[in-house]
Amino acid sequence: VPVEVILPADRSEPRPVLYLLNGAGGGVDRATWKRQTDLLEFFEDKNVNVVTPIGGAWSYYTDWQQDDAVIGTHKWETFLNEEMPPLVEAELNADGNRALAAISMSATSVFNLAIHKPGFYNGVAAYSGCVQSSDPIGQQFIKTVVEVWGGAESVENMWGPLDGPGWVENDPYVQAEKLRGTKIYMSTGNGLPGIPNDT
């Protein structure tokens with residue numbers, strides 16, 4: 001998995017890590033931190049390691065219960081919570097503090113990643129996510145992302161049947177108590193159409 005890294009302005013001592021997750025296309029479409037923000041300029045003088053994995057399109061950065069015949073195997077939670085951080089943080093001489101921020105599709109994922117590994121992330125930030133994923137509206141939105149936009153065979157390969165426990169276990173709204181002690185920032189628009197941004 002390719003990983004983009006922005007190094008701290010001052011590397012003379014260990015620094016924290018901010019993991020940034022791209023939107024639904026996994027970093028190869030327009031819903032990315034690089035295309036939608038000024039992150040390179042913003043972090044230019046900051047003392048933090050910024051790490052952005054590339055990949056995971058339409059996956060919700062979760063461990064799917066079953067392989068999907070169209071979009072394949074997804075074990076992103078295992079990668080993001082278990083496999084990548086020790087390697088990246090050792091290489092970057094990180095200080096053990098970490099936060100996770102995400103846009104669009106992955107703004108649901110940041111909560112689940114923190115819920116499933118309590119205390120690992122000091123904070124999470126979500127921009128334009130769907131945090132009530134087990135109710136019919138949330139499920140329909142996620143189904144649209146995974147099946148319509150992503151072309152997957154079935155959204156049920158992700159968390160199982162729509163009326164099953166997998167959806168409740170991965171609903172940040174229902175599981176919010178498990179985020180106690182984690183700093184949270186959430187932001188979203190009001191849903192009204194605006195001027196398209198073609199840059």
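Biologist: In which sense do β2 and β4 pair, and over how many bridges?

Modeller: This is a predicted model, in which local features need pLDDT of at least 70, side-chain atom pairs count only at pLDDT 80 or more, and totals for chains, interfaces and linings use all residues. Residues are numbered from 1 along each chain as its sequence is written, and side-chain values use heavy atoms, with hydrogens and water left out. Strands are DSSP runs (E, at least two residues) and helices are DSSP runs (H or I, at least four), numbered from the N terminus, and two strands pair if DSSP finds at least two bridges between them. One of the bridges joins Leu 21 to Ala 102 in β4, and β2 and β4 pair in the parallel sense over six bridges.

Biologist: What is the order of the strands in the open sheet?

Modeller: The edge strands, each pairing on one side only, are β1 (3–6) and β6 (183–187). Between β2 and β3 (residues 49–53) the pairing is parallel over three bridges, with Leu 18 partnered by Val 50 and Tyr 19 by Val 51. The pairing in the sheet of six strands is mixed, and the order is β1-β3-β2-β4-β5-β6.

Biologist: Why is β2 described as largely enclosed by the rest of the structure?

Modeller: Buried means under 20% relative accessible area, exposed over 50%, and partly exposed in between, with a 1.4 Å probe and protein chains only. By that criterion β2 is largely enclosed, because the number of its seven residues that are buried is six.

Biologist: Which residues line the largest cavity?

Modeller: A cavity is a set of points on a 1 Å grid over the protein atoms alone where a 1.4 Å probe fits but cannot get out, and lining residues have an atom within 4 Å of a point. The search of the whole structure finds one cavity of 30 Å³ or more, and its lining divides into seven nonpolar residues (Ala, Val, Leu, Ile, Met, Phe, Trp, Tyr, Cys and Pro count as such), no polar and no charged. Lining the largest cavity are Tyr 19, Leu 21, Pro 53, Leu 80, Met 84, Leu 100 and Tyr 121.

Biologist: Which residues does Gly 151 touch, not counting residues up to four places away in sequence?

Modeller: Gly 151 lies in the loop between α5 (136–149) and α6 (156–159), and is partly exposed, with a relative accessible area of 33%. Taking contact as heavy atoms within 4.5 Å, Gly 151 touches Val 70, Ile 71 and Val 146.

Conventions: 1 Å grid on protein atoms, 1.4 Å probe; cavity = no way out; pocket = protein on both sides within 12 Å on 5 of 7 lines; lining within 4 Å. Points joined across faces, edges and corners; volume = space filled by probe spheres on them.
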